[in-house]
Amino acid sequence: MTPANASFQTLIGLLEGAATIGIVSHRRPDGDALGSCLALGASLAAIGKTVHIVNDDPVPDGLGFLPGSEAIRVAATVVAGGALPVDVLVSLDAAGADRLSETAWAAFALAEGGVRINIDHHISNTRFADYNYVDAISPATGQIIYELIEAAGWPLPEGARVALYAAISTDTGSFRYPSATGQTYRIAASLIDAGLDVGEVNRQLYESYPLRRLLLLRDLLQDLEIHADGRVVAVKLTRRMAEAAGLQAGDTEGIIDVIRSVDSVIVAILFEEMEDGKIRVSSRSKSPRADVGAICAVFGGGGHTLAAGTRMAGPIDAAATRFLHEVSQRLDGLD
Ligand SMILES: [Mn+2]
């Protein structure tokens, strides 16, 4: 049986009772990961808490506009200087402790009697902390953070409003995915009512890509793979292509949505060869009957029904063949 979630009141009590709070998220952080960390951090700072936000990887260029992101520290640097003492350690948007590297945990020294909190919206969350709050219905961890801050009555500074909007917008494909609820739109509306410059934030999120990303997309589409009568499309990003493009962290964000946007497509997949030779797989589905979360689970990964990922052993062509075989089996009988 799945253990019950900690209540918001419990989490609020723990956070209000702490003087110093550490906040971490998953490696290769995206908009929801960083936006959630920054929003919770800014709100807690506004009630007098000392907050340290640490991530395994640096903030990607495309998210550097998020207010406060310059204060996010890289785990390895923190560890080298000595772990930061905290009363409470919070993990946001990370499905398992393995998604936070050991470095991110090691960046903090939990005080005697200190506790760890895990807030997330991945159904595959392993409930690895002392207090867990997992809402798999929520389209973004940022939405949970908004609800937590609202329930607590803590302030929501301007920077936190930008961060929450970025978190929710990026995890819902700009409010397009079926995971977005009325509450999602009401939250966005309240952020705009509070003064959020929505046009400017959207421009920063979706119209400020470096040219190298477009050139990479051109290269990827050159070798676009089309399977199952156009119901499955896939692209393969090799190290050679990444190096030729001068690829930076975050550049591939959203590229899968481009191939997903074709009418016949049900499943879209991006295979990416990593520096360690492993293959990172990102998958998106348009039908709950083609559950990419279940497909990725076959290979040790996880995520949501319509958006999931995993890592596989290389080489990239063999990994793609194995993954696509699993996809095609699940597509049998689907229109
Ligand atoms: Mn998320």
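This is a predicted model: local features need pLDDT of at least 70, side-chain atom pairs count only at pLDDT 80 or more; totals for chains, interfaces and linings use all residues.
Me: How are helix 2 and helix 5 oriented to each other?
Reply: Helix 2 covers residues 31-46 and helix 5 covers residues 141-152, and their axes lie 8 Å apart. The angle at which they pack is about 15°. Angles under 35 degrees count as roughly parallel. The orientation of helix 2 and helix 5 is therefore roughly parallel.

Me: What is the handedness of the crossing where helix 2 passes helix 5, left-handed or right-handed?
Reply: The two helices meet through Asp32, Ser36, Ala39, Leu40 and Ser43 in helix 2 and Thr141, Gly142, Ile145, Leu148 and Ile149 in helix 5. By class, this contact has five nonpolar, four polar and one charged residues. The crossing in which helix 2 passes helix 5 is left-handed.

Me: How are helix 5 and helix 6 oriented to each other?
Reply: The axes of helix 5 and helix 6 come within 7 Å and cross at roughly 140°. An angle counts as roughly antiparallel over 145 degrees. The orientation of helix 5 and helix 6 is therefore oblique.

Me: Which residues in helix 6 meet helix 5?
Reply: On the side of helix 5, the residues are Gly142, Gln143, Ile145 and Tyr146. The residues of the contact of helix 5 with helix 6 divide into five nonpolar, two polar and no charged. In helix 6, the residues that meet helix 5 are Leu164, Ala167 and Ile168.

Me: How is helix 6 oriented to helix 8?
Reply: Helix 6 spans residues 158-171 and helix 8 spans residues 198-206. Their axes come within 11 Å and cross at roughly 55°. The angle therefore makes helix 6, relative to helix 8, oblique.

Me: What is the handedness of the crossing of helix 6 and helix 8, left-handed or right-handed?
Reply: In this contact, Val162, Tyr165, Ala166, Ser169 and Thr170 in helix 6 meet Val198, Val201, Asn202, Leu205 and Tyr206 in helix 8. The residues of the contact divide into seven nonpolar, three polar and no charged. The crossing of helix 6 and helix 8 is right-handed.

Me: How many aromatic pairs does a search of the whole structure find?
Reply: A pair of aromatic rings is described by the distance of the centres and the angle of the planes. The number of aromatic pairs found in the whole structure is six.

Me: What is the arrangement of the rings of Trp105 and Phe128?
Reply: Trp105 is in helix 4 and Phe128 is in the loop between strand 5 and strand 6, 23 residues apart, so that the pair links distant parts of the chain. Both Trp105 and Phe128 are buried. The ring centres are 6.0 Å apart and the planes stand at 80°. Planes over 60 degrees apart count as edge-to-face, so the arrangement of Trp105 and Phe128 is edge-to-face.

Me: What is the arrangement of the rings of Phe271 and Phe323?
Reply: Phe271 lies in strand 9 and Phe323 in helix 13, 52 residues apart. Phe271 and Phe323 are buried. The centres of the rings are 5.8 Å apart and the planes are at 85°, so the arrangement is edge-to-face.

Me: Is Phe175 buried or exposed?
Reply: Phe175 lies in the loop between helix 6 and helix 7. Buried means under 20% relative accessible area. Phe175 has 12% relative accessibility and therefore counts as buried.

Me: What is the relative accessible area of Ser174?
Reply: Ser174 also lies in the loop between helix 6 and helix 7. Phi of Ser174 is near 60°, a positive value in a residue other than glycine. Ser174 is partly exposed, and its relative accessible area is 32%.

Me: What is omega of the peptide bond from Gly314 to Pro315?
Reply: Pro315 lies in the loop between strand 12 and helix 13. Most peptide bonds are trans. The bond from Gly314 to Pro315 is cis, and its omega is near -5°.

Me: What separates the C-alpha atoms of Ser208 and Gly62?
Reply: Ser208 is found in the loop between helix 8 and helix 9, and at 35% relative accessibility it counts as partly exposed. Ser208 and Gly62 are 146 residues apart along the chain. The separation of their C-alpha atoms is 7.3 Å.

Note on methods: Residues are numbered from 1 along each chain as its sequence is written. Side-chain values use heavy atoms; hydrogens and water are left out. Axes are lines fitted to C-alpha atoms, for helices over the stretch in contact, and angles run from 0 to 180 degrees between N-to-C directions. Helices (H or I, at least four residues) and strands (E, at least two) are DSSP runs, numbered from the N terminus. Angles under 35 degrees count as roughly parallel, over 145 as roughly antiparallel, 65 to 115 as roughly perpendicular and the rest as oblique. A crossing is left-handed if the near helix is turned anticlockwise from the far one by less than a right angle, and right-handed if clockwise. Contact means heavy atoms within 4.5 Å. Ala, Val, Leu, Ile, Met, Phe, Trp, Tyr, Cys and Pro count as nonpolar, Asp, Glu, Lys and Arg as charged, and the others, Gly among them, as polar. Rings of Phe, Tyr and Trp (its six-membered ring) pair if their centres lie within 6.5 Å; planes under 30 degrees apart count as stacked, over 60 as edge-to-face and the rest as tilted. Buried means under 20% relative accessible area, exposed over 50%, partly exposed in between (1.4 Å probe, protein chains only).
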